[in-house]
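Dear colleague,

Please find below the structure that I am handing over to you. My notes on what was found in it follow directly after.

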Amino acid sequence: MLCVRTWRGLTSLCRAVHLRSWKRTQSHAAAARLDLSGIYPPIATPFTAKEDVDYEKLEENLQKYAKIPFKGLVVQGSNGEYPYLTEEEQVEVVRTVRRSLPVEKLLMAGSGCESTRATVRLTEKMVSAGADAVLVVNPCFYKGKMDSRTLINHFTKVADSSPVPVVLYNVPANTGLELPLDAVVELSQHPNILGLKDSGGDVTRIGLIVHKTKAEDFQVLAGSAGFLMAAYCVGAVGGVCALANVLGQELCELERLCMSGRWEEARVLQQRLIEPNAAVTRKLGVPALKQVMEWFGFHGGACRSPLQPLTEAEIQQLRRDFSSNGWM
């Protein structure tokens, strides 16, 4: 009887090890196949007057985005106000997007949390909800301890367990921490870490990352429309751009011009995007993006507290930043 129990226990253990190995193999194979090149809007989350997620208005936005040649959508990024959503809301928004999103479009879902354990768990939930890849921001609450060794350990554990490819997310304006270059280079060698979204705005850094990871199948996405053309010039493959929520066709056109080498036309278009992009990102942030969405026929609406609506002076400045560049 003891022998039988032992055999059954070993059989179960072998099955579990085999399953974990199979999941890693499938995930790594997916990472090798997934092409990130293209433009993605990091979509906003509409709320009702009571600050509940407005899924009906979200679906109406998604129907409009389906008419634009995006490579896919980023859900639960900074512009989706993900720190203010409960975990249940975060997952349900991803599930809603997956239902509406054409199957050929990629869904990249934010799953970064402060602890490795929570990130692994949320990653699994995002995959169950329909994510094709996960965008993982670095932990930052204990930023003084987030050195290269710690971050490499964190992202490696997340990538080891993730059923889908992982994209690193560098957004120092929000985290107060730049992902160290040496950590990015080492992590690029992991078979399930597919690329990096870099919102830092340092084009020389983007170019250096592309250069130092060229032996790997590692793809870099610009994290803002303000330096999209410059990022393409140094080897980026696309962009995750807040401005794509309202000027999506124009950003897809900028991508097309860059990819076809029509640099003079690209330069003219890029210059017209710089001020509007700055207005809805570093200057006035998500409240400004949601205001402009209303002007352009999308559902933006109010942010969830503690974010506040723009002042009248800010609204006037926002309108000038768009109208002076010919967008209104």
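Helix 8 itself spans residues 203–212, and its buried residues are Arg205, Ile206, Gly207 and Ile209.

**Confidence**

Please bear in mind that this is a predicted model. The protein chain has a mean pLDDT of 92, with 90% of its residues at 70 or more.

**The largest pocket**

The largest pocket holds about 930 Å³ of space. It is lined by 40 residues, of which Ser78, Val171, Ala173, Asn174 and Thr281 are the closest to its centre. Two or more lining residues come from each of helix 6 (172–175), helix 11 (263–283) and helix 12 (285–295). Helix 11 contributes the most to this lining, namely 6 residues. In terms of residue class, the lining of the largest pocket comprises 21 nonpolar, 15 polar and 4 charged residues.

**Enclosed cavities**

Searching the whole structure gave 2 cavities of 30 Å³ or more. The largest cavity has a volume of about 80 Å³. Its lining consists of Leu62, Tyr65, Ala66, Ile68, Phe70, Gly72, Leu73, Ser100, Leu101, Pro102 and Lys105. Helix 2 (55–65) and strand 2 (72–75) are the elements that give two or more residues to this lining. By class, the lining of the largest cavity has 8 nonpolar residues, 2 polar and 1 charged.

The second largest cavity has a volume of about 40 Å³. The residues around it are Gln76, Tyr82, Gly110, Ser111, Gly112, Leu135, Val137 and Tyr169. This lining divides into 4 nonpolar and 4 polar residues, with no charged residue.

**Asparagine 245**

Asparagine 245 is found in the loop between strand 8 (238–240) and helix 10 (248–259). Is asparagine 245 buried or exposed? Its relative accessible area is 0%, and asparagine 245 therefore counts as buried, the cut-off being under 20%. The side chain of asparagine 245 makes a polar contact of 3.0 Å with the side chain of tyrosine 65, a residue that also lines the largest cavity. The asparagine 245 side chain also reaches the backbone oxygen of proline 42, at 3.1 Å. Leaving aside residues up to four places away in sequence, asparagine 245 touches Pro41, Pro42, Ile43, Ala44, Tyr65, Leu289, Met293 and Phe298.

**Backbone geometry**

Glutamate 51, in the loop between strand 1 (38–40) and helix 2, has a positive phi of about 70° although it is not a glycine. At 28% relative accessibility, glutamate 51 is partly exposed. Glutamate 81 lies in the loop between strand 2 and helix 3 (87–100), and its phi is also positive, near 55°. Glutamate 81 is buried, with a relative accessible area of 2%.

Lastly, the peptide bond from serine 305 to proline 306 is cis, with omega near 20°. Proline 306 is located in the loop between helix 12 and helix 13 (312–323).

With kind regards

How values were computed. Residues numbered from 1 in each chain as written. Heavy atoms only, no water. pLDDT = per-residue confidence, 0-100. 1 Å grid on protein atoms, 1.4 Å probe; cavity = no way out; pocket = protein on both sides within 12 Å on 5 of 7 lines; lining within 4 Å. Points joined across faces, edges and corners; volume = space filled by probe spheres on them. Helix = DSSP H or I, 4+ residues; strand = E, 2+ residues; numbered from the N terminus. Nonpolar A, V, L, I, M, F, W, Y, C, P; charged D, E, K, R; others polar. Buried < 20%, exposed > 50% of the residue type's maximum accessible area, 1.4 Å probe, protein only. Polar contact = N/O pair within 3.5 Å; in protein donor to acceptor, adjacent residues only side chain to side chain. Contact = heavy atoms within 4.5 Å.
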